[in-house]
Every structure is written in structure tokens, then in C-alpha cells.
Amino acid sequence: MIYLELFWSFFQIGLFSIGGGYAAMPLIQSQVVDMHGWLTMTQFADIMTIAEMTPGPIAINSATFVGIQTAGLLGAIVSTLGCIFPSCIIVMTLAYIYYRFRGLSIVQGILAGLRPAVVAMIASAGISLFIMAVYGQHDLPANPFQIDLVGLLIFGAAFFVLRKWKLNPIYVMAGSGLFGAILYAVL
């Protein structure tokens with residue numbers, strides 16, 4: 001039964017996550033944390049971090065990690081297939097439609113209309129992870145001034161380094177993890 005639930009959950013994520021892995025984060029969180037309770041929000045944030053650092057698409061990496069965490073190796077395979085299957089069908093269908101009707105202005109209008117929704121989904125995922133990093137919980141606390149200063153400092157430094165020097169995000173994530181381990185151990 002768990003395999004069918006994993007497949008169906010990640011099938012839905014694959015079906016509705018137009019815009020890439022970052023846009024899929026709120027959908028993955030909804031299925032994995034909120035609906036099924038397979039992971040806590042802290043575990044979800046950890047898996048998202050690992051999925052971002054691991055080579056490959058974030059949604060597929062997270063499906064694999066959630067599947068293995070929930071139901072072992074077979075769960076990882078089922079989750080990954082559930083995530084990939086609708087995407088393959090959608091991409092093949094859209095490619096056919098695009099190549100057949102690419103000159104029509106309505107097709108260009110549809111693509112332009114999807115951009116704001118994708119930006120909003122990415123912003124939602126970013127805000128959720130920011131709140132988790134700075135407050136250590138899923139929702140804003142009653143007192144918004146109860147900030148994890150180490151998390152805020154690491155976030156600010158990583159954001160500054162990424163914007164100022166355009167360093168590779170993998171190096172910034174690795175450095176953030178190293179500094180976080182040191183700062184949390186010391187403080």
C-alpha cells in the first residue's frame with residue numbers, strides 16, 4: 001500500500017510541478033509533510049538541501065530520498081518512477097504541440113502567462129526554506145523577533161557571496177554547511 005501511495009503522491013508532484021524542482025518544493029512539502037506525515041519539516045528541509053546538492057533534478061532527487069526514507073530501495077524506485085512518468089508524457093505532448101503550432105500567438109501567450117505562476121511557486125519555496133533556516137520551524141512564530149542569529153548570519157553571508165562574486169552555489173552551500181557546523185558547535 002505504501003508503494004502505491006508513494007507512486008501516486010510523486011505522480012501528482014510530477015504532473016503539477018511545471019517550472020522545475022524549485023517550483024515543486026511546495027507540492028512535495030504538501031504531500032510528504034502535510035498530507036502523509038512521512039517526514040517532519042526538519043527532515044524535509046534536510047532532504048531538500050541534499051537534493052539540491054546532489055547532481056540531478058531536485059524533484060527526482062527528493063522523490064528518491066523520500067522513497068528510500070519511507071519504504072527502502074523499492075520505495076525509492078517507485079517514488080522516482082512516479083515523479084518521472086507524468087513529466088515524460090507532458091514533455092512529449094507539449095513538444096509535439098509546440099512544434100506543430102509554434103507560430104501561433106496563442107501558444108506564445110500561454111507560455112508568457114505561465115511565467116508569473118512559476119516565479120510565485122519558486123518564491124514560496126524560498127520563503128519556506130528561509131523561515132525554516134531563520135526560525136527553525138515551518139511557520140512564523142508568535143514572536144517574529146525570536147530569530148536564530150547563526151542561521152540568519154549564514155543566510156546573509158551566503159546571499160551576499162552569491163550576489164557579489166557569483167560563486168558556484170555548490171561551493172557556497174558546502175561553505176555554509178561547514179560554517180554552520182562550526183558556529184553551532186561553538187555557540
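Author: Met25, Pro26, Gln29, Phe44, Ala125, Ser128 and Leu129 line the largest cavity. This is a predicted model, in which local features need pLDDT of at least 70 and side-chain atom pairs count only at pLDDT 80 or more, while totals for chains, interfaces and linings use all residues. Residues are numbered from 1 along each chain as its sequence is written, and side-chain values use heavy atoms, with hydrogens and water left out.

Reader: What makes a space a cavity, and what makes it a pocket?

Author: Both are sets of points on a 1 Å grid over the protein atoms alone: in a cavity a 1.4 Å probe fits but cannot get out, whereas a pocket is an open set with protein on both sides within 12 Å along at least five of seven lines. Lining residues have an atom within 4 Å of a point. By this rule there is 1 cavity of 30 Å³ or more. The largest cavity holds about 40 Å³, a volume being the space filled by probe spheres set on grid points, which are joined across faces, edges and corners.

Reader: Which elements supply at least two residues each to the cavity lining?

Author: H2 and H5 do. An element is a DSSP run, a helix (H or I) of at least four residues or a strand (E) of at least two, numbered from the N terminus.

Reader: What makes a crossing left-handed or right-handed?

Author: The near helix is turned from the far one by less than a right angle, anticlockwise for left-handed and clockwise for right-handed. H2 passes H5 in a left-handed crossing, while H1 passes H4 in a right-handed one.

Reader: Why are H1 and H4 called oblique?

Author: Their axes come within 7 Å and cross at roughly 40°. Angles under 35 degrees count as roughly parallel, over 145 as roughly antiparallel, 65 to 115 as roughly perpendicular and the rest as oblique. H1 and H4 are therefore oblique to each other.

Reader: Which residues are closest to the centre of the largest pocket?

Author: The largest pocket contains about 1400 Å³ of space. Among its 36 lining residues, Thr49, Glu52, Ala133, Phe155 and Met173 are closest to the centre. The lining has 24 nonpolar, 9 polar and 3 charged residues.

Reader: Where does the largest share of the second largest pocket's lining come from?

Author: H4 gives 10 residues, the largest share. That pocket holds about 340 Å³, and its lining divides into 13 nonpolar, 6 polar and no charged residues.

Notes. Nonpolar A, V, L, I, M, F, W, Y, C, P; charged D, E, K, R; others polar. Axes fitted to C-alpha atoms, helices over the stretch in contact; angles between N-to-C directions.
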